[in-house]
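Here is a short report on one protein structure. Look at the sequence and the model first, then read on.

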Amino acid sequence: MFSSELQQYVACQVTRIKDASSSRPVAAVLELDWTGDALPDAAAVQAMRPLLCDYFFWNNRHDHCYATANVPPGHTLVGNIAPLVDVEVNSYRSGWNVGDSVLRQRNWERIDPVRRQQFKAASDEREVTLGGQVFRQDATKINDSALRALDDLSELAQLPCLMSIETSDGTQALMEFIKGNPFINELHWQSSTVHALDFSGSGLNRLILQPDGVTSLVLNEGLGLLALRSAPSPALRIADDADGRHLTLQCTHALPPFHGLERLGGLSLLGMKESDLAHVAQRFPYLTALRIWGKPGLASQMGSLAQLTQLRMFTTYDLFGFTADEFPSAAQLPQLSALWMTSLPADAAKGIKAAYKKAAAQGLDLSISKARKPEWLAENLLNPFRDWDGREHISPAYAKKAALAYKNMLAVTRDIDVAMAAPAATAALEAMVTAYVDAFNRIARRASIIETVEREEIYTVLADLLAQLRQQLQQAGGQGAALVDEAALLERFDRLREF
């Protein structure tokens, strides 16, 4: 296949197939030590050898892992020779990722041999002291507790294997240190003083950024992930030599506005309550990978996905608000090699699985699971307390308790119908209200999170649910509506609450 990062062809060999008779067989994929400007001829195929990886903590190991047996689009069969490595494989990964280890090995070989030797020679049996703290010589991570105790960043040279830094007090000097250390490949950065960040020339592969106050960001070649932990200033300009072609951008809660990355290759949207696919396709038309994790979330303009003609992977979790008819057909996404959708509307799941059955038979890696029925949507997607998760003064644990209190009420109301005796219905509803109030009384005793807005919401949720139940029973006929004495139940709520 052609590697866009290397701008050359790379090669792999399938050495064995496992679980061939199952619905999801896997293939052992071995990366080969070959690159070329054109597809190899028969002689080149015969001369190919496995890649020996010795970058970082690898010591002449083969990159040999199980992956789905579906050959992804873009791969070309160039020959069939005996397996170059015939051993049992015990590791797995989500995709073929051919060329990744070749790229890492080439980048490793560009580093000063003396520094590479120091990295390899570091031992877990020797200790060094930095800023009064003792570390193993082969330590790979440090944070502010160590950084703030240092008199000079040059002391970090005592940690030749340092690969990850986490700081909430980033400085210009630290940024320059990172640019001069080719082994640092992961950085968690937050700073209130450095507004123009330039990591060009560094060896970063993962940059997790708190972008508050940052107005300019220059990325290094080879960066694979840029994670924005909050919304940046709309004036932020992100510079990348490839305009984001080899980069995955990760955003939480929303897709923020900024300048740059016009040719972004990968986008991960996490914790989304709403996702406008038309906006995504318009902003980043060259995406090859798109992942959307809902909270749960609602997707609009799902048909706009068809505009992403280069899309190879589409993954969703807890995403709703669309039908199978709105979802693009397999013909509209000709490059798609993986379609993984978990926790989605039941009707959409059934329709999409049927629509992509032929594509799956032809090699598409298709996984459609956890089809959600309307009852689940009512408890989770339509849970009126889902907005509590994310409020500044409410912890996720208390938001979860509030959502559970609503789910428990739904379970009670579903068991009440017109055939139920009035005394039994009254007892069930009174117990329901008591349990509902008790859940929030316990929260109020432990934390002062129920303020005026939350107090009104708790009351309104109960009142709306009782009104909805009365209406449903009324529509069912008979004296069903008389089973719900809203006034008495709401009076019980007021009498029992402590918030």
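How many positive and negative side chains does the protein have, and how far apart do the centres of the two sets lie? There are 48 positive and 58 negative side chains, with the two centres 4 Å apart. Lys and Arg count as positive, Asp and Glu as negative; His and the chain ends are not counted. Each charge is placed at NZ of Lys, CZ of Arg, CG of Asp or CD of Glu.

This is a predicted model: local features need pLDDT of at least 70, side-chain atom pairs count only at pLDDT 80 or more, and totals for chains, interfaces and linings use all residues. Residues are numbered from 1 along each chain as its sequence is written, and side-chain values use heavy atoms, leaving out hydrogens and water.

**Overall build**

| Feature | Value |
|---|---|
| Helices and strands | 13 helices, 22 strands |
| C-alpha box along the principal axes | roughly 85 × 60 × 45 Å |
| Buried share of the 499 residues | 45% |

Helices (H or I, at least four residues) and strands (E, at least two) are DSSP runs, numbered from the N terminus. Buried means under 20% relative accessible area, with a 1.4 Å probe and protein chains only.

**Cores**

A nonpolar core joins buried Ala, Val, Leu, Ile, Met, Phe, Trp, Tyr and Cys residues through side-chain atoms within 4.5 Å. The largest has 72 residues. Trp-189, Leu-226, Leu-290 and Phe-314 touch the most other members. Helix H5 (residues 172–179) gives this core its largest share, four residues. Another core, of 37 residues, lies apart from it; Tyr-398 and Leu-473 are among its members.

Note on methods:
Buried < 20%, exposed > 50% of the residue type's maximum accessible area, 1.4 Å probe, protein only.
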